[in-house]
Amino acid sequence: MADISLEKATKEIAGLRRQINHHNALYHQYDAPEIPDVDYDRLFDRLVELETAFPQLQTPDSPTQRVGDKPLSGFAQVKHDVPMMSLAKVFNDTDLADFEARILKRLEIEDADAEPPVYSCEPKIDGVAVSLLYEQGLLVRAATRGDGVTGEDITHNVRTIGSIPLRLDTSGSPERLEVPARLEVRGEIYMTRSGFAAMNEAAERSEDGRTFVNPRNAASGALRQLDPRIAAQRPLRFFAYSAVFKNGDGKNGDGGNTFASKSIASVPILSTHSGILTLLGQWGLPLNPERAVVSGYQACLDYAQQLLAKRDKLDYEIDGAVLKVDDLRLQHELGSNARTPRWAMAYKFPAEEASTLVRDVEFQVGRTGTITPVARLEPVFVGGVTVSNATLHNMDEIERLGLRIGDRVILRRAGDVIPKIVSVMDSSGMGTEAIKGESIASVPIKTISMPATCPACDSPVEKDGEVLYRCTGGLICPAQRKESLRHFCSRTALDIEGLGEKLVEQLVDAERVRTVADVFTLTKDDLISLERMGDKSADNLLAAIDKARATTLPRLLYGLGIREVGEATALSLATHFGSLEALMQADQEALVQVDDVGPIMAEHIAHFFANQENDKVIAQLRERGVSWPEHQAQTVSDELAGQTWVLTGTLETMTRDEARAALQALGAKVSGSVSKKTSVVVAGPGAGSKLDKANELGVKVIDEQGLIDLLE
């Protein structure tokens, strides 16, 4: 810390304490955090760093010297028998190795060949830490952690949680250990992801339409309601993670006392943290099934990485792994610091939420002309990747968020989910102060509005429906041109292999291709002048273009990019009308007679063929050798028509697209998932969950040869 003077450190420490106290109150008392956990950790770690470098500036009332914040005044206060401490954190294998090295040093274990410590490991649930007090096996009180010493009495709400036993049952304990006269169980109350999603869906349908930001806040808010009926309606669950017990004499139960008339030293299950958890489970308290006991920090790291890999599959949110020395005697010997035990550590996972700055908002034009706002962000590491862009969907979403350019926002990315801005941080007060004394408001605040003209072609922009805006430029719009070409050449349309996104970009930018028909005028000279295009690649692409000249009516209709016309609708149109000419002459009344075509889609189709520019493109396709025979649907029998089929695994004599098209041409529907409505599943080598589901539901399963026999 040679780069900072005592005077500057004093000033920065004062600012950091002010910010941390502010955020502690919002988080612990009011369940209304302004910043994500990762930002809070940065503030706190910076304060620890400064107080370590300048110990003379550390004070007893510093946030580093206590766990949370004072309890709410609206609830009765509860003093914990033993303080509920926080956990120190590590973020990588080096820090975890250092954690074990400190343990070995304090235990004076210097032998390199000595057995490493044994650790009890479990997920770090992103919920609400609570204390449950049982007397004579009966639940008499529940309290929040509060400031670690004193919490809030939430007994009336905890009693509504079905996974928390109101009376402990000793019949499941092989040791036949009686529940101590006074037992304090610690654990985490959380809300399931599935329950949270269902609750928000119901909230969206309600009159006020207010939804919850995340499961943790929803759980915490439920526990701090005066009306227990609110908590009873929430999908709350509980996992126990430790216990503090006292005997009839009121003393803490440790190695020197007795437990249910038995010496603790004589009962192995009581000598380890994992053993205590096992005993709690035998008494009826829910335990996390992902817990494990391992030896050495490397095994702890392996456990954490395996847990991270399944993070998105769990029905509850976790933000890391908790690692504790398993031997209770060693825990006692290691002791604690002011706010954290020396024998436990939280291995934190990459945050799924982080704050960042909206530097600009740009408007992208899609294939059908839809204009979508996209936020350009200050790059931020969240959910394991660096994110610099986030879609804003539409102007209604911007209005709902109250978003402006220059705002600081909370960005969420969980698993492979597309990054999403979930809220705008408070632009006033403590929420926007700098972490190291630097201003974060480096972009002028500006409101966001939909442009009057298309950002790609300057054509007028018009509103389409309640929330969408579209460019009216059609084929003259280069943005739509690129997207239309990508779609036209895609595998499920004309299937021009080799004509991918980058080549389309180059061809349009060089003005060698203006419409989809121009693809069939390309020469070798046009292609070899492009970046990374050699003789062989050019020859291969020209061969693919030539092959695509012979296509089908359903593929052509899908490839033209008519709004809302997907593969299934294109097939239905081709089947109903038989030829492109008949379809082009159909009015809206005739179009709605087609399966899957409603009034709105009929309007889009009629509008497309009424556009003279589109007629010109279709005529040019014909002139340049593209052909499509009249479409004739066949049905094998009344039994096959209307059936739902599913393809899974690898097909060896045909592609899945070919099999899908053949089945659809015979009158069957092809789905991507197996359900009770599925008629037949075609399973090739490598078939997995879909085959399992079919067998479970008793759905008929055939192999590829069975499909070939049917098609022949």
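# A walk through a predicted model

Start with helix α8, residues 273-282, where eight of the ten residues are buried, so the helix is mostly covered. A residue is buried under 20% relative accessible area, exposed over 50%, and partly exposed in between, using a 1.4 Å probe and protein chains only. Helices are DSSP runs of H or I with at least four residues, strands are runs of E with at least two, and both are numbered from the N terminus. The buried residues of α8 are H273, S274, G275, I276, L277, L279, L280 and Q282. After α8 comes G284, with a positive phi near 105°.

This is a predicted model, in which local features need pLDDT of at least 70, side-chain atom pairs count only at pLDDT 80 or more, and totals for chains, interfaces and linings use all residues. Residues are numbered from 1 along each chain as its sequence is written, and side-chain values use heavy atoms, with hydrogens and water left out.

Now step back to the whole protein. It has 24 helices and 24 strands. Of its 712 residues, 48% count as buried. The protein exposes about 34900 Å², and carbon and sulfur atoms supply 48% of that area. Accessible areas come from the Shrake-Rupley method with a 1.4 Å probe, and for residues only the protein chains shown count as cover. Next, look at contacts, meaning heavy atoms within 4.5 Å. Among contacts between residues at least 6 apart in sequence, 67% join residues at least 24 apart.

Which residues of α20 are buried? They are M601, A602, H604, I605, F608 and F609. These residues cover an arc of only 160° around the axis, so they sit on the same side of α20. The arc is that of the directions from the helix axis to the C-beta atoms. An α-helix has 3.6 residues a turn, so residues three or four places apart point the same way. On the other side of α20, P599, I600, H607 and A610 are exposed. What covers the buried residues of α20? The cover includes α16 (553-559), α17 (567-577), α18 (580-585), α19 (588-591) and α21 (612-623).

Charged side chains come next. A salt bridge is a side-chain nitrogen of Lys or Arg within 4 Å of a carboxyl oxygen of Asp or Glu. By this rule there are 30 salt bridges. One of them joins the side chains of E12 and R46, at 2.7 Å from N to O. E12 lies in helix α1 (residues 6-29) and R46 in helix α2 (residues 37-53), so the pair ties together parts that are 34 residues apart in sequence. E12 is buried, at 16% relative accessible area. R46 is buried too, at 11%.

R42 is partly exposed at 43% relative accessibility, whereas D39 is buried at 6%.

Further along, D509 and K482 meet in a salt bridge of 2.9 Å, N to O. D509 lies in helix α13 (residues 501-509) and K482 in helix α12 (residues 478-489), so this pair ties together parts that are 27 residues apart in sequence. D509 is exposed, at 52%, but K482 is buried, at 17%. Salt bridges that share partners join K482, E483, R486, E505 and D509 into one network.

Finish with the loops. R224 lies between α6 (215-223) and α7 (228-233). Is R224 buried or exposed? R224 is buried, with a relative accessible area of 13%. Its side chain makes a polar contact with the side chain of S220, at 2.7 Å. A polar contact is a pair of N or O atoms within 3.5 Å; within protein, one must be able to donate a hydrogen and the other to accept it, and residues adjacent in sequence count only if both atoms are side-chain atoms.

Most residues other than glycine have a negative phi. E108 has a positive phi, near 60°. E108 sits in the loop between α3 (93-106) and β3 (118-125), and is exposed at 68%.
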